[in-house]
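Let's take a walk through a protein together.

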Amino acid sequence: MNCVVPISESQQREVLDQTEHYVQLGETLFRQQFSIIPVTFDLRGRTAGMYKVTGQKKRRGFGWAGGGETSRQIRYNPWIFAKYYEENLTVTVPHEVAHYLVDCLYGLRHVSPHGVEWKSVMDAFGVDSSVTAKFNLAGIPTRQYQQFAYLCDCKTHQLGIRRHNKVLKGQASYLCRHCGVTLQQAPVAI
Ligand SMILES: [Zn+2]
Ligand SMILES: [Zn+2]
């Protein structure tokens with residue numbers, strides 16, 4: 001299977017420009033200022049784009065809610081963009097920006113994700129909101145295999161989830177081929 005290479009830096013700049021374009025279009029359409037939204041290209045898996053809000057207070061009167069600053073972010077999947085560049089530029093980018101504008105205009109908690117508010121922003125953008133891109137994800141890394149650090153007397157080993165679970169259940173133990181010592185899970189920093 002051919003592996004897809006993530007989009008280049010110049011393509012990333014183009015995606016940033018396109019994102020900014022839709023934010024500015026929103027400013028014209030809704031006569032309101034929206035700040036430039038931070039964009040990252042670190043999304044993995046089967047999703048092309050994601051609008052993410054962190055630090056929003058979930059409950060009132062809770063101990064840690066004090067200094068919670070809200071930060072907003074759009075994340076794009078550089079592999080899916082690489083494979084379907086034009087589609088993502090014309091569909092995924094306005095899709096995520098529309099989530100951002102809906103959040104600014106109404107507050108995400110007050111609307112359903114792809115409800116009438118979001119559809120009306122897509123309509124205002126002139127983008128068909130009924131289009132859900134169907135991507136063939138062959139060649140795109142869809143899963144990150146989790147690794148667990150184990151130590152012997154000479155080095156660090158990485159065990160996959162299957163072996164790690166066997167160790168946890170006491171069904172197996174593994175020896176280092178070099179020093180012959182049984183591997184022990186490395187202490188985890190929390
Ligand atoms: Zn969406
Ligand atoms: Zn060893």
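**A first look around**

Of the 190 residues in the protein chain, 21% are buried, where buried means that 20 or more other C-beta atoms lie within 10 Å of a residue's own, exposed means 12 or fewer, and partly exposed is in between, with C-beta atoms placed from the backbone. Keep in mind that this is a predicted model, in which local features need pLDDT of at least 70 and side-chain atom pairs count only at pLDDT 80 or more, while totals for chains, interfaces and linings use all residues. As for names, residues are numbered from 1 along each chain as its sequence is written, and chains are lettered from A and ligands numbered from 1 in the order in which they are written.

The protein chain has 5 helices and 6 strands. Both are DSSP runs numbered from the N terminus: helices are H or I with at least four residues, strands are E with at least two. If you trace the sequence, the pattern goes α-β-β-β-α-α-α-β-β-α-β. Now think about contacts, meaning pairs of residues whose C-beta atoms, placed from the backbone, lie within 7 Å. Among those between residues at least 6 apart in sequence, 65% join residues at least 24 apart.

Let's zoom in on helix α3, residues 85–106, which holds E96. E96 counts as buried because it has 24 C-beta neighbours inside 10 Å. Leaving out residues up to four places away in sequence, E96 touches G49, Y51 and I74. Take G49: it sits 47 residues from E96 in sequence, yet their C-alpha atoms are 6.7 Å apart in space.

Next up is helix α4, residues 116–125, whose buried residues are E117, W118, V121, M122 and F125. Looking down the axis of α4, you'd find these buried residues within an arc of 140°, so they line one face of the helix; the arc is that of the directions from the helix axis to the C-beta atoms. There's a handy rule here: an α-helix has 3.6 residues a turn, so residues three or four places apart point the same way. And what covers the buried residues of α4? The cover includes α1 (9–30) and α3. Just past α4 comes G126, with a positive phi of about 80°.

How do α3 and α4 sit against each other? They pack at an angle of about 125°, and their axes are 9 Å apart. Here axes are lines fitted to C-alpha atoms, for helices over the stretch in contact, and angles run from 0 to 180 degrees between N-to-C directions. That makes α3 oblique to α4. On the α3 side, P94, A98, H99, L101, V102 and Y106 meet E117, W118, V121, M122 and F125 of α4.

Finally, have a look at the strands. β4 (residues 147–151) and β5 (residues 156–160) run antiparallel and are joined by 5 bridges; strands pair if DSSP finds at least two bridges between them. A hairpin of 4 residues links β4 to β5, and L151 stands opposite T156 in β5. β4 is also joined to β6 by 2 bridges, again antiparallel, with Y150 partnering Q185 in β6. Together 3 strands make an open, antiparallel sheet in the order β5-β4-β6. β5 and β6 (184–185) are at the edges with a single partner strand each, so one side of each has no neighbour in the sheet. Helix α5 (residues 161–168) lies across β4 and β5, at about 95° to β5.

Key: Two residues are in contact if their C-beta atoms, placed from the backbone, lie within 7 Å. Angles under 35 degrees count as roughly parallel, over 145 as roughly antiparallel, 65 to 115 as roughly perpendicular and the rest as oblique.
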